[in-house]
Amino acid sequence: MTDATAGAAPVAQSRHRSLWGDVWRQFRAHRGAMAGVAVFGFIVIAVFLGPLIHTVDPQYLDLRARNAPPSWAHPFGTDNVGRDIAAQVMAGGQTSLAVGIAAMAISIALGAFIGVLAGYFKLLDGALMRLTDLFLALPILPLLLVIILLFRDTLRSAFGPEGGIFLLIVVVIGITSWMQTARIVRGEVLALKEREFVLAAKSIGTRERRIITRHLLPNVLSPILVSATIGIANAIITESSLSFLGLGFPPDFPTWGRLLYDGKDFLTLTPGRVIWPGLAISLTVLSVNFIGDGLRDALDPRIRGR
Amino acid sequence: MFRYAMRRLLVSIPTLLAISFIIFALLDLAPSDPTANLPLTIPPEVREKIRASLGMNEPFIIRYLLWLQQFLVNEPLNMIEQWTGWTIGDSENRLRVISWATRSPVVDLIVERMPQTLWVVGMSYVVAVLIAVPIGVISAYRQYSWFDQIGTFVSMLGFSIPTFFTGLLFIVIFSVWLGWLPSIYDTTLVVDSWDSFMAQVRQMIMPTMVLALANASQISRFMRASMLDNLNQDYVRTARAKGMKERTVVLLHVLRNSLIPVVTVIALGVPTIFGGAIITEQIFRVNGIGALLIVGIESADIPLVQTLTFIFAILIVLFNLIADLLYGILDPRIRYD
């Protein structure tokens, strides 16, 4: 660099630009993604802080106000035993979101772990990829239904009715949805480990564990982040499908899917019982998908420069 | 190509065996008792005999091998006999996979339910492709136009809104408010006149559309991306330079090339829609194989559930294979050998 350009550089780069600053700027330019963030943020706030404002117990039976239409006391109306639908949707949302995030965390951790192992250690590659193919060939929904039916009672007696079913569903969704992440991470690691900085790290005697955690994992963070958003959306849909088939959460510990399942026989009487939880699921998944779309664009260096 | 196909076929055999073992072991090692649903008045020794007659006292590995033999050897032999009328070996005493709940052969139950599923699911997939291909082509040809923007948004809606919600919304709108379409699929309907044919069409509209919308949104995205890849290629410019009509260029040259990856995506999607149909069949009370699976699960009918789940797995492996082979056949640039 000559002196002339060195003198001009501080003017051109008046502000320090970091990688994540660039990502954030690109992300903000994506209108769909920003709308997604707004909607998802609103849903999270409404579900977790809403019960502080609308302080009706979701399990309180008000038998004199059964099947009530929306009113000030019950903004979404009440169900056939007089429970407040707004409070139930909020309580259900807490469980649904918790399931989505916890199942996503398991599936991402498992996928990243298996992907890094398969990509980095040549010995394990064949076996782990066969395992991934095998999991991809499993009929997931029927298997999930079967597993939940068979192990529900055992886990319920071990961890209590609520903890047991939560643990079961989260773990089961987690261990049946890691395959895509593992494949993507393996592909990235295969390319990364041939790069010079890994060679340099090896040449100064860095241990393999440290190469993986220090040099490889940060570099595969962006595909992992993108599959994390897809993972949340998928986990929420899977959980609500299971609950919708009557094989998920019990009625006294509802999720959005369970509320739909319970409300579907009262479609003509109180359509709100179906519309509100259904709308909540759809909006959550839609906003998360848009966030994922924006993240994918923002984290892709080829698009980011433009 | 042939060698590749044979190799893939051979590789899929251990995969399927592993899957069948997983399914069998999972269901078998789980705590469930086939006699649990029987009346409590049955004395324990009779109960024990019932368990023995169901083959529950054999060791695990024997039961697995027996089930495999029944499913992979006996049932296909039975089917061949039924189709051709031949008698192969000792067909009277050949063991079949028997449902615990109904005491009839599982395969017969599945054959009974298959037509409804194939009608609804198959039709929905055809409709999905018919909707998705034109939308994908137009969105790609007029990229970033209002049509493309709306198409993108609608397809995002399509794969974000779960089918159980669209299904219920359709019921609220078209059955409850407008009263146009029946909300329950009537399987006993016999199509023998114009009126009954119209009734059949009307009851099929909603389940078909629900599944079709969900699938069309994904296929149209693939179609659009594939068209965009091809539209900027040199051969398109050449075709235009030769003075061909824009119609011919797009519909003949670009579309045919763009359909190659889309066809494989469509083939890959076939087994997943059988899985997705479980929910749709539940909403509209179509008594297809998805509904059969749910009934089997609820009554803890292990042989039925094992067989159905394994059939789903076979479908997945089979269509993966078909997709790979189709890709090789349609695209001459791809050589597997």
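Two residues are said to be in contact when heavy atoms of theirs lie within 4.5 Å. By that rule, and not counting residues up to four places away in sequence, Arg258(A) touches Ser243(A), Gly246(A), Phe249(A), Pro250(A) and Pro251(A). The structure is a predicted model, in which local features need pLDDT of at least 70 and side-chain atom pairs count only at pLDDT 80 or more, while totals for chains, interfaces and linings use all residues. Residues are numbered from 1 along each chain as its sequence is written, chains are lettered from A and ligands numbered from 1 in the order in which they are written, and side-chain values use heavy atoms, with hydrogens and water left out.

**Arg258 of chain A**

- Arg258(A) sits in helix H12 of chain A, residues 256-263, where helices (H or I, at least four residues) and strands (E, at least two) are DSSP runs numbered from the N terminus.
- With a relative accessible area of 10%, Arg258(A) is buried; the term stands for under 20% relative accessible area, with exposed meaning over 50% and partly exposed in between (1.4 Å probe, protein chains only).

**Annotated spans in chain A**

- The unreviewed UniProt entry places the feature "transmembrane region" at residues 33-53, 97-121, 133-151, 163-185, 216-237 and 274-292 of chain A; positions follow the numbering used here, feature names are shortened, and annotations may be inferred rather than shown by experiment.
- In the model, residues 33-53 of chain A are 100% helix and 0% strand, with their end C-alpha atoms 29 Å apart.
- Residues 133-151 of chain A are 84% helix and 0% strand, and the end C-alpha atoms of that span lie 25 Å apart.

**Chain B**

- Chain B has eleven helices and zero strands, and its C-alpha atoms fill a box of roughly 85 × 60 × 40 Å, taken along the principal axes.
- Of the 337 residues of chain B, 43% count as buried, and among its contacts between residues at least 6 apart in sequence, 69% join residues at least 24 apart.
- For chain B, the unreviewed UniProt entry lists "transmembrane region" at residues 118-141, 153-177, 197-217, 254-279 and 308-330.
- Residues 153-177 of chain B are 92% helix and 0% strand, with end C-alpha atoms 27 Å apart, whereas residues 308-330 of chain B are 100% helix and 0% strand, with end C-alpha atoms 32 Å apart.

**The interface of chain A and chain B**

- The two chains bury about 3,300 Å² between them, 88% of it on carbon and sulfur atoms; buried area is the accessible area (1.4 Å probe) that two parts lose on being put together, summed over both.
- Leu150(A), Phe244(A) and Leu245(A) supply 16% of the area that chain A buries against chain B, more than any other three residues.
- The contact takes 37 residues from chain A and 41 residues from chain B.
- On the side of chain A that touches chain B, the elements giving two or more residues are helices H5 (122-136), H6 (140-159), H11 (221-244) and H13 (272-299) of chain A, and the largest share, eleven residues, comes from H13(A).
- By class, that side of chain A has 27 nonpolar, seven polar and three charged residues; Ala, Val, Leu, Ile, Met, Phe, Trp, Tyr, Cys and Pro count as nonpolar, Asp, Glu, Lys and Arg as charged, and the others, Gly among them, as polar.
- Across the interface the rule finds zero salt bridges, a salt bridge being a side-chain nitrogen of Lys or Arg within 4 Å of a carboxyl oxygen of Asp or Glu.

- Side chains of opposite charge can pair when their charged atoms come close.
- A search of the whole structure finds ten salt bridges over all chains.
- One of them joins Asp133(A) and Arg130(A) at 3.3 Å, N to O; because these residues are three apart in helix H5 of chain A, about one helical turn separates them.
- Asp133(A) is partly exposed at 27% relative accessibility, whereas Arg130(A), at 54%, is exposed.
- Asp133(A) also forms a salt bridge with Arg183(A), the closest N and O atoms being 2.7 Å apart, and this pair links distant parts of the chain, helix H5 and helix H8 (residues 179-192) of chain A, 50 residues apart.
- Arg296(A) and Asp293(A) form a salt bridge with closest N and O atoms 3.5 Å apart, and they lie three residues apart in helix H13 of chain A, about one helical turn.
- Both ends of that pair are partly exposed, Arg296(A) at 42% and Asp293(A) at 28%.
- Through shared partners, salt bridges join Arg130(A), Asp133(A) and Arg183(A) into one network.
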